[in-house]
Amino acid sequence: MVKVLVLGAGVVGVSAAYYLNRAGHEVVVVDRRDGAGLETSFANAGHLCRATARPWASEAVPRMLIKEFGKVDAPYLLRLRADPAMWAWALAFLRRCTRARHRETAANLIRLAVYSIDSLATLRETEELAYDQAGLGILHLHRDDEAFERAAAEAEVGNGEGAFAPAVLDRAGCIRVEPALAQAGDQFAGGLHFGSEETGDAHLFTTALAQAAAARGVVFRYGVTVRALHDAGDAVTGAETDRGPITADAVVLSMGSYSAGVLRPLGLKLPIYPVKGYSATIPTTGYNGAPRLGIHDEARKIGISRLGDRLRAAGTAELAGYDNDLGEARARAILDQAMAIFPNAGDAAQAELWCGLRPMTPDNAPLLGHTRFRNLYLDTGHGSLGWTLACGSGRVIADIVSGRAPDIDLDGLTLDRFG
Ligand SMILES: Cc1cc2nc3c(=O)[nH]c(=O)nc-3n(C[C@H](O)[C@H](O)[C@H](O)COP(=O)(O)OP(=O)(O)OC[C@H]3O[C@@H](n4cnc5c(N)ncnc54)[C@H](O)[C@@H]3O)c2cc1C
């Protein structure tokens, strides 16, 4: 048993803390906020994806960037600014927009995602975790015939999904599995229903798991800001915080978009850049037009989840540095697009708007495991898939810290791939 300090209480850090405790370690978690899951894990799209755990970088993205440039509701937006880190990240991302790189990264992501969601299912049997979970699948909708036919043909080939292959549905078929789509008129050509995908509220999950972990002995220190890590030779000895030093035998870094900054003084470079996204959460009580399935609008890149008596719509990717101001026009565009599909879903006037910074690596895969400091471990950089990948990543880290080989191959999921 060693004393492990987990930096960050988002969905990723809390999951790691839980599994480290279950592996027999003494665990302390610190976070600058007053509770768990209050930053990027707070109001995401709620999708838990196995087969659809894909990297963003694909052949189609450069074309889409040019076509949508400058539009307020563009799925991708780059704010022109003199930020060398942003341009370096954007170039690294663009270099990965090939079919071969996309497939390679997708295979690595799907491997971790399947492990992660299986781990979540086991976790639900062990702990009481209420997080507005639903297991009805996610319907990926295509707006034009050509895109739909291409997606249907790819699904036919199988594309590595095996048991998680989707049902290909024309417009009537989509309405059959999700009757609320009847209100969408002819906006969609068809869709792919991935029946084994799940949805749920990441923030509720994170707070429930933090409670379960605390009951098992994990110590959470909220309102504590990490300023630096202490190193001595080839090891770290703990963290310097605004409440004084905290020593530990091992440190797990899970500070989301802020992970790179704390390692820079140690000479470690993490290729993580914040990619801003927005969400709108609409109360559905008294309305009968909200979907029950998870929905992904492929053209607009918007994810929609029914979370109990709320409907969450989230999306867009904005490269704008560490700017966490709510750009209301961008958030409202998501709300309007969700209401255009489901006009009777809920009370749009009462919608809660939110934004968060995805901790993105250029290939969309996380950074897990060892660093060149023998007791400093990474569990960060989960980008657009942190909710999906949190449990699996936590188990991987608990195994590595315990000196055991993880259950899955970590090819393409460690810092080594960036040289
Ligand atoms: C619009 C949007 C939609 C998304 N949809 C999905 C989805 O459908 N499915 C999915 O799987 N993923 C989704 N994601 C991605 C997912 O939300 C993130 O990958 C995940 O929340 C990252 O979790 P994290 O724990 O790494 O980071 P965070 O939740 O940001 O946690 C990091 C923690 O570190 C703390 N911290 C930072 N700096 C310090 C410091 N100096 N001292 C102390 N504490 C510090 C923060 O307070 C924070 O609590 C979405 C993201 C966005 C923005």
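A pocket here is an open set of grid points with protein on both sides within 12 Å along at least five of seven lines, and its lining residues are those with an atom within 4 Å of a point. The model is predicted, and the points below should be read with that in mind.

**The second largest pocket**

- The second largest pocket holds about 560 Å³ of space, and of the 20 residues that line this pocket, A88, K269, L270, P271 and I272 lie nearest its centre.
- Helix α3 (residues 84-95) gives the largest share of that lining, namely five residues.
- By residue class, the lining of the second largest pocket consists of 14 nonpolar, one polar and five charged residues.
- Both domain 1 (3-41 + 204-271 + 364-418) and domain 2 (59-98 + 133-196 + 273-360) contribute at least three residues each to the lining of this pocket.

**The β10-β11-β12 sheet**

- Three strands in the order β10-β11-β12 make up an open sheet with antiparallel pairing.
- Because β10 and β12 (244-247) stand at the edges and each has a single partner strand, one side of each is left without a neighbour in the sheet.
- On average, and with direction ignored, neighbouring strands of this sheet are turned by 30 degrees against each other.

- Six bridges join strand β10 (residues 226-232) to strand β11 (residues 235-241) in the antiparallel sense, with V226 opposite T241 and D231 opposite V236.
- Two residues lie between β10 and β11 in this hairpin, and G233 in the turn has a positive phi of about 65 degrees.

Notes
Residues numbered from 1 in each chain as written. Predicted model: local features only at pLDDT ≥ 70, side-chain atom pairs only at ≥ 80, totals over all residues. Heavy atoms only, no water. Pairing = 2+ DSSP bridges. Helix = DSSP H or I, 4+ residues; strand = E, 2+ residues; numbered from the N terminus. Axes fitted to C-alpha atoms, helices over the stretch in contact; angles between N-to-C directions. 1 Å grid on protein atoms, 1.4 Å probe; cavity = no way out; pocket = protein on both sides within 12 Å on 5 of 7 lines; lining within 4 Å. Points joined across faces, edges and corners; volume = space filled by probe spheres on them. Nonpolar A, V, L, I, M, F, W, Y, C, P; charged D, E, K, R; others polar. Domains from an automatic or database assignment.
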